[in-house]
Amino acid sequence: MSKFAKFLFKLCGIVLVLNVALFAVFFFDLDGKLLFNVVEPFLKNHYDNMERRDTLQTPYDMDKFPKYDYNT
Amino acid sequence: MNIKKTLKDFWYGKPHSAEEGGRRLGDIMEDKTGLYKHREWRGVPDTMYYFYNIWLYNYIHMVMDIMQMGGLVNFVKGVLRYRWVGQTYLPVMHWFDRGLQGMRGAALRGSAWHYRGMVSTTIRQFQRMFAADTRLHGGVQNDVYKHTIASNETVWGGMFYPWSDKFMYVPMEMIPYFVTCHVNSHTVLNYIDAVQSIGLPGDPCPMCQAEAGIFVLDDVPDYAPMVVTCNEACDASVSTSTLQDWFFDKPLYSLPMPMQFDDPLVKKYCMREIENCWKFIEDQTGVPFNWDQMVKKLEAQNELQRFEWEKWEVAANTNSYPINGVAQALYRIYQTQYGDWEIWHFCDKKVRKIMEKCVAKKINTFPQTRHRVIAWSCAPLYYSNWCTWAYNCWGLNVIINMDSLMFNMTMRTDTYEHALEDCAQYHMWAPMRRMAVGGMKHMFELWEYMEKFNCDMVAMYDQLQCKGVQGLHGLFEDEFRDRNVHAFWIPHALPDSRTVSRAEIRRLINDYMSTVMHEEPLDPSLLDFDDSMTW
C-alpha cells in the first residue's frame, strides 16, 4: 500500500471516529447535559458573586445634556 | 417483533399519532429539566439532516460568526462579565430543539433556517457591544464605540439606515432582554427582581421591569456615545426610559410613538419627530443624512417584505407552508424590528427554495393538522414554542400570528416626503402597538386575517400585566360567541414564567381540546409532563 493510500485510510478512520463521537454527543444530548449541570451552575455562581457598581449612586443630572429641541 | 415495522420506523421515524403506533415524544425528556434522555430519532434522513445541517452546522457557524464579528477574546470577556450572554446563549441549541421538536422533512428544514438567521443577528449585536464596550477595554472609547448608536429595542432599525454605511445601531435590550427570554427563561428573572428590589411595584408590564432591571444590575455594556429611546408600546415604558436615562447617562433623544396613530395630524407630528431624531443623530455623529444609503436599505427591506407576502400566500392557501408557528413568529418580529441585514436575505433564499419545492410537489408539510390556528395578541416569551407542542400533541397548526402581521407594508422611496411618511407609519405601528393596544379597530383585524389565512381557531394570548389588553378581554369573549369561533386563551406574563407556568398553559389547552372540542390527543405522552426547570 502506498504512503498516500495509508494516509487516506487513516484520514477516513479519523473522520469516521470523529463523526461517531460527535453523533454520540448529539444524540444523547451530552452538550445540553454539560451546559445544564456544569457550565451554567458555574457561571451563575460567578455572576452571583461578582462585584457590581451600585447604579443607584449614579447622580441623575437633569441638565447635564442639552434638550435637543429642533425646528425641522 | 415485527421486523418490517422496526425497519420502517428506523428509516422514516415512528409515526406521529398514537393510533399509528406513536412516537411518544414526552418519553424522551428527562423529568423537570427537559433535557433529553436522547434526542429524537426522526428516521435516517431527518436525523442526519438535524445532526449535520442544523446541530453541527449551527455550532460551527456560531463559532465562525464570533470570530468574524468581534473575535473570541471579546466574546470570552463578555461571557465573564455579562450574565445575559453566558447564562443564556451558550445552550442555544436547546432552543432549536424545543422549537423544532417533532418536525419532519421540509417543515424541519425551513423552520431551522429561520433560527439560523436569528442566531447570527444576535451574535452580530452582542459582539458589537463587546467590541465597543469601554468596560471590557480599560475605559477606552475605541473607534468601534464611536461608530455605534444605542437605541431602545422598539425603535425600528430603519431610523438609522441613513448612517448604516458608517455606523451600526445596537438596541440596548433586544439581546440582553428580549431574545434571552426565548432561549433561557431563567435569566430575565434576575432583572425583574432587581428592579422590584429598588422599590418599584411588581404589577406593571414585566417587559418594562426587565428592561430597567438590566440597568439596575449594571449589566448593560457601555458601547455607544448616544442613545435614541422611545415610549415603546405603552406608557409603562416611559418610566423604563427614565431609569435608562439615569443609568446610561448619555446624550439621549426620546422619539415618541403616538398612541392615536390613525389621526393624519398625529402622523404629521410623528414625521416631524423623526426628522428631529435624524437631526440629533447628525449632531452627535457629525455625519450628514445619507439619502442614497437610506433608499438602498429601504429597498432591501422591501425585498424582504415582498418575500414575506409570498410566504403568506402559500401559508394561507395551501398545506405546503414549510415554517412552523414559532419560527414564523420569532423570525418575522426580529427581522421587521431590527431592520435590513444580509443574513435575512441569505436565509430567505434558502427558505424560498424549500417552499417552492413544497408547492410544486404539493407536499403536505404538517400532515397531522386538525385545526388551522391564528395566534393573536402578544405571546409568552418563555413559551414561544408552545405551538410546536400544540401541533405535536393536538394537531393545532399555528399558521400565522399577530406579530407577523404588524408591519404589513413596503416603503416608498421615490421621494423624501413619501419615505418619511412611510417611516412614520412603520414607527407608529410599533411592536405590540398596532394590534395589541392600538384601539379596537386594529385589535379586531383578527377577523379579517382569520378569514384570509383560512383559520378555524384562535389562540388568544392574555398578557396578565398588560393593562391595555386586559380591558378588551370581555369584548373578545363576546365576539367569539357571536361569531361562533373556537378560541382558547393563553394567559401569561410575557417574560416572567413564574406567574403562569408552561405546564399551566398546556393544561388550559388540554382542557379546551378535551372538554370543548371532544378530541383525543395525537401524542398522549405530551399531555402532562414536568418541565419546570427547563431553559
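Reader: Among contacts in chain B between residues at least 6 apart in sequence, what percentage join residues at least 24 apart?

Author: The model is predicted: local features need pLDDT of at least 70, side-chain atom pairs count only at pLDDT 80 or more, and totals for chains, interfaces and linings use all residues. Residues are numbered from 1 along each chain as its sequence is written, while chains are lettered from A and ligands numbered from 1 in the order in which they are written. Two residues are in contact if their C-beta atoms, placed from the backbone, lie within 7 Å. Of the contacts in chain B between residues at least 6 apart in sequence, the share joining residues at least 24 apart is 78%.

Reader: What is the radius of gyration of chain B?

Author: Chain B has 23 helices and eight strands, where helices (H or I, at least four residues) and strands (E, at least two) are DSSP runs numbered from the N terminus. The radius of gyration is taken over C-alpha atoms, and the globule rule is 2.2 Å times the number of residues to the power 0.38. For 535 residues the rule gives 24 Å, and chain B is close to that value, so it is as compact as a globular protein of that length; its radius of gyration is 23 Å.

Reader: What percentage of the residues of chain A are buried?

Author: Chain A has two helices and zero strands. Its radius of gyration of 28 Å is well over the 11 Å that the globule rule gives for 72 residues, so chain A is more spread out than a compact globule. A residue is buried if 20 or more other C-beta atoms, placed from the backbone, lie within 10 Å of its own, exposed if 12 or fewer, and partly exposed in between. In chain B, 53% of the 535 residues count as buried, whereas among the 72 residues of chain A the figure is 10%.

Reader: Which element gives the most residues to the side of chain B that touches chain A?

Author: The contact takes 30 residues from chain B and 26 residues from chain A. On the side of chain B, the elements that give two or more residues are α2 (44–68), α4 (83–89), α5 (92–100), α10 (206–216), α11 (236–248) and α12. By class, that side has 17 nonpolar, six polar and seven charged residues (Ala, Val, Leu, Ile, Met, Phe, Trp, Tyr, Cys and Pro count as nonpolar, Asp, Glu, Lys and Arg as charged, and the others, Gly among them, as polar). With five residues, the element that gives the most is α12(B).

Reader: Are α12(B) and α18(B) roughly parallel or roughly perpendicular to each other?

Author: Helix α12 (residues 264–285) and helix α18 (residues 416–428) of chain B pack with their axes 9 Å apart and at an angle of about 100°. Axes are lines fitted to C-alpha atoms, for helices over the stretch in contact, and angles run from 0 to 180 degrees between N-to-C directions. Angles under 35 degrees count as roughly parallel, over 145 as roughly antiparallel, 65 to 115 as roughly perpendicular and the rest as oblique. The two helices α12(B) and α18(B) are therefore roughly perpendicular.

Reader: Is B:K362 buried or exposed?

Author: B:K362 lies in the loop between α15 (342–360) and β5 (371–376) of chain B, and its phi is positive, about 50°, although it is not a glycine. Because it has 9 other C-beta atoms within 10 Å, B:K362 is exposed.
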